[in-house]
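Subject: Structure handover

Hi,

Here is the structure I promised to pass on. My notes on what turned up follow below it.

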Amino acid sequence: MPIVPGSPTDLCRLALAGGAFLAIACGHTDPFSAPPFGTTQPFDPAPPVRLTFNESADRGASWLPDGSAILYSAQQLGRRDHDVCLAELPASGGSQRRLVCNLSAFGDDSTNAVESPVLSADGRLAYVKSSGRIGAVSPEREAVAVAPGPDPASAADVQPIPYTIPGEPRHNAVRQLRWQGADRLVFIGAHVAYRVPCQFCEMDTIVSGLKLGVLDLSGTGAAVSALPGTDFASSVARGPTDDEIYFTLGGDSRVFRRVLSSGATDVVHDFGAAGIARDVHVAAGRLAAVVGGRVAFSVDPELGPTQWDSGGIVHVVDLSSAADLALDGPGLFRRPALSPEGGRVVAEGYPLIIELVFDPVTGEQVPDTTVARDADLYLFGAP
Amino acid sequence: MMSTRRVCGRALPLAIAGLVYAAGAAAQSEGAVAGRVRESGTARALAGVQVLVDGRVGSVTDTAGEYRVRAVRTGWHRVAARLIGFRGVVLDSVFVRSGATVSANFELEPSAVELAPLVVTAPIDELLDPLATSTEQKITAQDLRDLPVSSLEEAVALSAGAVGQSYRGGRIGEESFILDGLGVKNQLDAATGGLGLRLPPDLLGEASLVTNGFSARYGQALSGLVNVVTRDPGDSWEGRAAVETDRPFGGTLDHGLDRLALRAGGPVAGGVGFVAAVDLAGRLDDDPVNAPLPEDPRDPRTGGPGLLPHNSGEQWNGAAKLVVPLTGGTTLRVLGVHSEDQRLLYDPAYKYALDFAPAQRLRGDLISGHLQLRAGSASLRPLILDLRASRFVREFLRGQLDGAVDYQVGALTGSRFHFVGEELARAQDPAPSSVPGLTRPDLSDQTPWGVPAFFLGGASRGDLGWNRYGETRFQLDGTYGGIRSVDLFFGGEFSDQQVRTYQRVLGFLAAGDTVPLPAISAFSPRNVAGYVEAQTRVADLAVTLGVRYDQYDARTASAGQARGTQRSVSPRFAVSTVLRGATVVASFGRFTQAPDYQFLVDAAFDDTTRTGRFRRGNPNLGFEQATQYEFSVRIRPSEGTSLRMGVYQKRLTGLVASVPLGLNPDSTIFGNADAATARGLELVAERELRNGYGLRLAYTLQDAKATSTDPFLLNRVISVDPTTGDTIRPAHAEFPLDYDQRHTFTLIARGKAPENIGPRLLGVRPIAGLEGAVIVRARSGLPFTRVDSAGVPVSGPPNDSRLPWSSTVDLLVRRPIRLGGTTGGVYLDVRNLLNRRNVVAVRRDTGQPLADEATITGMAEAAYQAHPEPIPYESARYRAGADLNGDGYLAGPDELLPLYLAAARDFVQPIFAYGAPRLARLGIELLF
């Protein structure tokens, strides 16, 4: 049928064709997709906020550099291999953003652990990596690993453990890994022993700090060294600058500051009668540490000088005014970490357990208070 | 005058509208025109008459007045007869089909003066031609445009005897694909992998499915051959552009379809012609299903419109053809075809971690050349030689994508998928180390149920598969007409093939004790074939007799293992005649094909009669063979109607199957162990498109049974004689073949409204010129094997149960339009118009798509027992709604088991047990 330009017939057909092309310009219907199931709200917002409910251990918390989330190690009893996985929680609590397990090629045929995870300012992840047979007392392979990003699976081992520094006793453990600038890590070089304290008791893992270590990553290979004057170190934290660290020593109530380039050391705070200070962490002009509680420093006939620590009270000190605030919470706490802005503290919380035990003197069951072996994470506000 | 019986009254639409015609003995890209020339009034045979096709002398009649013009390209031609002293006759519009001999008889009137030739429109009746001895069902380019089909494969599937891409009970891949007279076959994994090459439908000239004693010229096939002739460039530039989409429909009718088809062709210079076509298609849900929605509102599919995610597919097909006339009647044709098919594969286990579900990519390239040499066309000893050469390469990849898919338009990405480990696979790296980039998957925590069960996440399964098949083929075909009433066909072919495969499982682990090493193979088989065939006709009796020789040597790298060169001789015979107006054809043929090369190497899947296992390859495999007998009758009850009926019996031997290896029942190897018998009846009744409508009804009755002597199988069919109490152990067992579809009905109805009917709306008659086609299909169910709850086949032979019947109604309505002098059309294509929910698969344990409650409960309880641990609040698995006591933990069977049950119910949803739902597409095309 011929078309006369501009006639109704023509327009109708053009509209038909135009409609078809317009239809092509429409978008397609989306396939179904599952909504996100997580939450950023804590289970109970009452302070201190209990962040985790894991029936096994959650430990080694650290903040992301921007303060948006918390990294920590979470052991998974639900897994056949009981891996200690890398977990990431929103800063306010809620659901884990990620949980990374299975870091070994052998998967669930071995127990793999990510301990002391910490992210650098430029986004690199450092952690202590270990693996071993399921049920083994100690790991068979251990190393400090560094990943170019937040994914631990892409990490490379930079320092095998154990290691020996000339003139120093052999270090068979690394604790409290901290980024000290872009190419340096500081940590506690430690000795780990395993002991069954009594018949039918569970095995204890006893960590004795030997000395602070520094791992220099700036060269082609990592170089490890020990910081003199840090014998029996019980904690270490990065200071306000890349040249400054804070640390504590076993059995000591003081917190020390060291300038790495000069070696100059001074005391920045002394908790005095409050007790032994440890697990120091510094951010935004504030210092957090665990003080007092169930802690003792003694010389063990086999292990030598050893600090026995079941947790204490979290203190936050304003470094400019030296004002000391003890944070109240249920049970005892260890290893607090201040948020980058210094307003929040996340710490491992160990509930106190009251149980009946046999008193050999009276021959009766008497109540006894013990500390839980596995911790959950708690979030404090630090006003 | 010409013979009115042959010429008059056979309407032009006969050639256009008929979906199926019987045709000539040879299936190829060309046909022939033959007949007699007599003197009008005396019936005296006229010798020396020049017969011209499109103005060129094609033949000269002999003393009996007979002539034959060979190697006429498929399509419309003008055939003329002239002799000094007689008035010439021109038959206008003679349609020549590939492989068919069109009969055109002339009667010339004596004339002392030279008169203008008499021009007659000349439809030809091929149905009754006794020279057409093969059972051939045709598809024209017009059919592809007029029917609700989108591809050649879909059109061929409408043929009687076809079950999808399986023919006469045969396995997929037992057919051969002939493109412009040249064989193209995926000899590596045709049973499971497809050809890998798709011709854009716009470049199709004509196609046909040949299923009986096809010409000795063709081998490498047991069940039939699909013969495709591409179109030649026309005398002037012309083209077509079409766009299709389902976007306007929205909701459940929008499956994300977009398609663009373009074609252009015409003369270039100096008689050289060029034609090219591209066909781009993408669909976000490329394998749509009509599965019922889940009942649990937490399942995201409940609220979804029906599209499956991570199920998109895109195909890019392009082809170009160059026709170069050389000197002396020689023509060179060069054809190139490129196909890419890449798709994401929805995996129910990765429903909630779609990025890690598998994907695959298939790529095929073909370049072929055809040189035709003619000698003595106008003499009594015409000789035509066709020399063809081709290079075909097919590459397949499957694994995990190494990045997110970047969609550009709908499902079209415009880029190739890249897979993790692709370079390793292509390099056939034998190293046992893990594949970089692959990690171990875990149980997903992103499901609505949270619990660690059934659904995977975090990583893919770690599978990586790659194979590459290449073939260089040379083919020479000759036609000699120097023997009176006999056409002699002869020729041979040589193909050099290259097979490379790589397969890796659990690629996130290093190969070792429990992880198999990469399965790698590299070998270069070689095939040689030759044939000779003669076709003669005496009065109404036509006889075709041929013999074919095939030889293949796998030449595997395993020295001493391969059997070496294997040979086979295959006779073909057909006789036909006309009895009381009916053309009767009886044929016999023996056919051989080399086995799929995937059966020669380890880690191959599937076999002829039983599926789903992992077996050891066997480099010693020999030919698979078939012997077929067929009897067919073709009649024309009235003008414009036709009826064709055929019965056949085909015996298949040496079929590849797995056989026990030693005494270990779990260890098997491929062998030429199975035999089968397929027999059937095919009935096609047709009314040509006349007076506005046409009909075609095809019915197939089929019985295809395998015969096996597998001792493990025989143990399942032991019976006890009720009289004697004797245990009867049969010597062999018979059971249906996988593609044994007993009944198939296909009804095709077409209609066209006159140009001037219907009311006017805004100056337009909406229904004027409207064209429509409906395809109604009903099929009985395919067989399957029942198993018990442990997955062990229940007593009895395999495939002793059947799926239910299925049916579909497809519709296409087209409204022609003209836009500024350009013609075209707007069309609506709807498949499964009634939205029937067809069951295409079932669980072998229940015989139904759904699992029973006991199975679901058992799965849930087993999963709970594997992971009874509490789920804490901070876990991504925690679901607040399931925390009945609000303590921050999901713990114990009261809180956890309902989640495991819901997860199990979700996981066993029979998504792919159902066929496609109602699908619609709106298209617009312009012809220029």
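Gln220(B) sits in the loop between E16 and E17 of chain B. Its phi is positive, about 55 degrees, although Gln220(B) is not a glycine. The residue counts as buried, because its relative accessibility is 9% and the cut-off for buried is under 20%. Bear in mind that this is a predicted model.

Asn835(B) also has a positive phi of about 55 degrees, and it is not a glycine. Asn835(B) is in the loop between strand E48 (822–831) and helix H8 (853–866) of chain B. Asn835(B) is partly exposed, with a relative accessible area of 31%.

Two cis peptide bonds next, in chain A. One runs from Pro47(A) to Pro48(A), with omega near -15 degrees. Pro48(A) lies in the loop between helix H1 (8–25) and E1. Another cis bond runs from Ile161(A) to Pro162(A), with omega near 5 degrees. Pro162(A) belongs to the loop between E9 and E10 of chain A.

**Chain B overall**

Chain B has 928 residues, and 58% of them count as buried. Its secondary structure comes to nine helices and 51 strands. Take the contacts in chain B with a separation of 6 or more: residues 24 or more positions apart account for 71% of them. The accessible surface of the chain is about 34,800 Å², with 59% belonging to carbon and sulfur atoms.

**Cores**

In soluble globular proteins, nonpolar side chains tend to be buried together. The largest nonpolar core here has 47 residues. Which residues have the most contacts inside it? They are Phe177(B), Leu179(B), Val184(B), Val228(B), Val337(B) and Tyr597(B). Elements giving two or more residues to this core include helix H4 (152–156), strand E14 (175–179), strand E20 (272–283) and E22 of chain B. Val184(B) touches Phe177(B), Leu179(B), Leu195(B), Leu197(B), Leu366(B) and Phe392(B), not counting residues up to four places away in sequence.

**Aromatic rings**

The count is 23 aromatic pairs over all chains. One of them is Tyr163(A) with Phe187(A): the centres are 6.2 Å apart and the planes at 85 degrees, so the pair is edge-to-face. It links distant parts of the chain, 24 residues apart. Tyr163(A) is in the loop between strand E9 (156–161) and strand E10 (173–179) of chain A, while Phe187(A) is in strand E11 (residues 184–195). Tyr163(A) is buried at 5% relative accessibility. Phe187(A) is buried at 1%.

Tyr352(B) and Phe455(B) make an edge-to-face pair, at 5.1 Å centre to centre and 80 degrees between the planes.

Arg687(B) lies over the face of Tyr693(B), 3.9 Å from the ring centre. The charged end of Arg814(B) sits over the ring of Tyr827(B), at 4.7 Å from its centre.

**Polar spots**

Ser56(A) is in the loop between strand E1 (49–50) and strand E2 (58–63) of chain A. Is Ser56(A) buried or exposed? Ser56(A) is buried, because its relative accessible area is 3% and buried means under 20%. A polar contact of 3.2 Å joins its side chain to that of Gln75(A). Beyond four places in sequence, Ser56(A) touches Gln75(A), Leu77(A), Asp374(A), Ala375(A) and Asp376(A).

Asp341(B) lies in strand E22 of chain B. Asp341(B) is buried, with a relative accessible area of 14%. Its side chain makes a polar contact of 3.0 Å with the side chain of Arg343(B). Leaving aside neighbours within four places in sequence, the contacts of Asp341(B) include Arg198(B), Glu314(B) and Arg361(B).

Last, Gln503(B). It is found in strand E28 (residues 486–504) of chain B. Gln503(B) is partly exposed, at a relative accessible area of 22%. The C-alpha atoms of Gln503(B) and Glu238(B) are separated by 47 Å.

Best regards

Note on methods
Residues are numbered from 1 along each chain as its sequence is written. Chains are lettered from A and ligands numbered from 1 in the order in which they are written. This is a predicted model: local features need pLDDT of at least 70, side-chain atom pairs count only at pLDDT 80 or more; totals for chains, interfaces and linings use all residues. Side-chain values use heavy atoms; hydrogens and water are left out. Helices (H or I, at least four residues) and strands (E, at least two) are DSSP runs, numbered from the N terminus. Buried means under 20% relative accessible area, exposed over 50%, partly exposed in between (1.4 Å probe, protein chains only). A polar contact is a pair of N or O atoms within 3.5 Å; within protein, one must be able to donate a hydrogen and the other to accept it, and residues adjacent in sequence count only if both atoms are side-chain atoms. Contact means heavy atoms within 4.5 Å. Rings of Phe, Tyr and Trp (its six-membered ring) pair if their centres lie within 6.5 Å; planes under 30 degrees apart count as stacked, over 60 as edge-to-face and the rest as tilted. A charge sits over a ring if NZ of Lys or CZ of Arg is within 6 Å of the ring centre and within 35 degrees of the ring normal. A nonpolar core is a set of buried Ala, Val, Leu, Ile, Met, Phe, Trp, Tyr and Cys residues joined through side-chain atoms within 4.5 Å. Accessible areas come from the Shrake-Rupley method with a 1.4 Å probe; for residues, only the protein chains shown count as cover.
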